[in-house]
Amino acid sequence: MTGMTTRLEQGDALLLVDVQNDFCPGGALPVPQGDEVVAELNDWIDEAERLGIPIFASQDWHPDGHISFAEQGGPWPQHCVQDTDGAAFRADLTLPESARVVHKGTDVGEDAYSAFQGTDLAAELADLGVSKVWVGGLALDYCVKASVLDAIESGFGVALIVEGTRAVNVQPGDGDEAIAEMVEAGAVVERGG
C-alpha cells in the first residue's frame with residue numbers, strides 16, 4: 001500500500017481480526033506466517049489514522065474452560081485466554097489508542113468466530129455511519145471469513161485485504177475456498193500492489 005493512492009474513503013472502517021500472539025508463530029494456535037500480516041496492516045492503520053477512518057480490532061477473549069478448547073471436547077488447543085500474553089495483540093501491531101477493541105468468544109459455552117457474533121460491532125459501525133468495512137487479520141479461513149460474511153449479512157459493503165490475512169489451511173486450499181465463498185457473498189478482494 002505504501003506509495004499508492006489511498007483506497008479508504010469517508011464512510012469506511014478498518015477491522016483487524018484477532019492479530020494476537022496465540023495466532024502467530026510461537027503461540028498456542030499459530031497460523032502459518034501469521035506474523036507476516038502485521039506490516040501490511042500497519043500500513044492500513046497509518047492510512048486510516050491519517051484520514052480519520054475508524055479502526056476496530058477484535059480479540060478472541062476466551063474464559064478458562066471455553067467450549068472451543070480440546071479439553072472441553074472442542075476442536076482447538078487452549079488459546080487466547082482472557083488477560084494472558086497469548087490473548088494480547090501483537091506488540092508490533094501499531095494500534096492507536098483510538099482503536100475500538102471488540103472482545104469475542106467471551107461466553108464459555110458458545111464459540112464465536114465472527115467479530116460480530118455476540119458483540120455490538122454492527123451497531124457501533126452503523127452509529128458511525130459506516131457503509132464499507134475493510135477487513136484483514138487472522139485467520140483467513142475462520143475468523144476473518146466469519147466476520148466478512150456477518151458484515152455482509154449486516155448490510156455493510158466489505159473489502160478483504162488479502163495481503164493482510166493468512167489461512168490455517170487445515171485442508172489444503174481452505175484459504176482459497178474461503179476467499180471464493182466471501183466473493184460469492186458479495187465481498188470485494190483487495191490485493192494491493
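1. Asp83 lies in the loop between β2 and β3 (strands being DSSP runs of E with at least two residues, helices runs of H or I with at least four, numbered from the N terminus). Phi of Asp83 is near 65°, a positive value in a residue other than glycine. The residue Asp83 is exposed, at 68% relative accessible area (exposed means over 50%, buried under 20%, partly exposed in between, with a 1.4 Å probe and protein chains only).

2. The model is predicted: local features need pLDDT of at least 70, side-chain atom pairs count only at pLDDT 80 or more, and totals for chains, interfaces and linings use all residues. Residues are numbered from 1 along each chain as its sequence is written, and side-chain values use heavy atoms, leaving out hydrogens and water.

3. Asp18, in the loop between β1 and α1, also has a positive phi, near 50°. Asp18 counts as buried because its relative accessibility is 0%. Most residues other than glycine have a negative phi, and most peptide bonds are trans.

4. The peptide bond joining Leu138 and Ala139 is cis, with omega about -15°. Ala139 belongs to the loop between β4 and α3 (140–153).

5. Six strands form an open sheet with parallel pairing, in the order β3-β2-β1-β4-β5-β6 (two strands pair if DSSP finds at least two bridges between them). At the edges are β3 (100–104) and β6 (188–190), each pairing on one side only. Strand β2 (residues 55–60) is joined to β3 by five bridges, and Ser58 stands opposite Val102 in β3.
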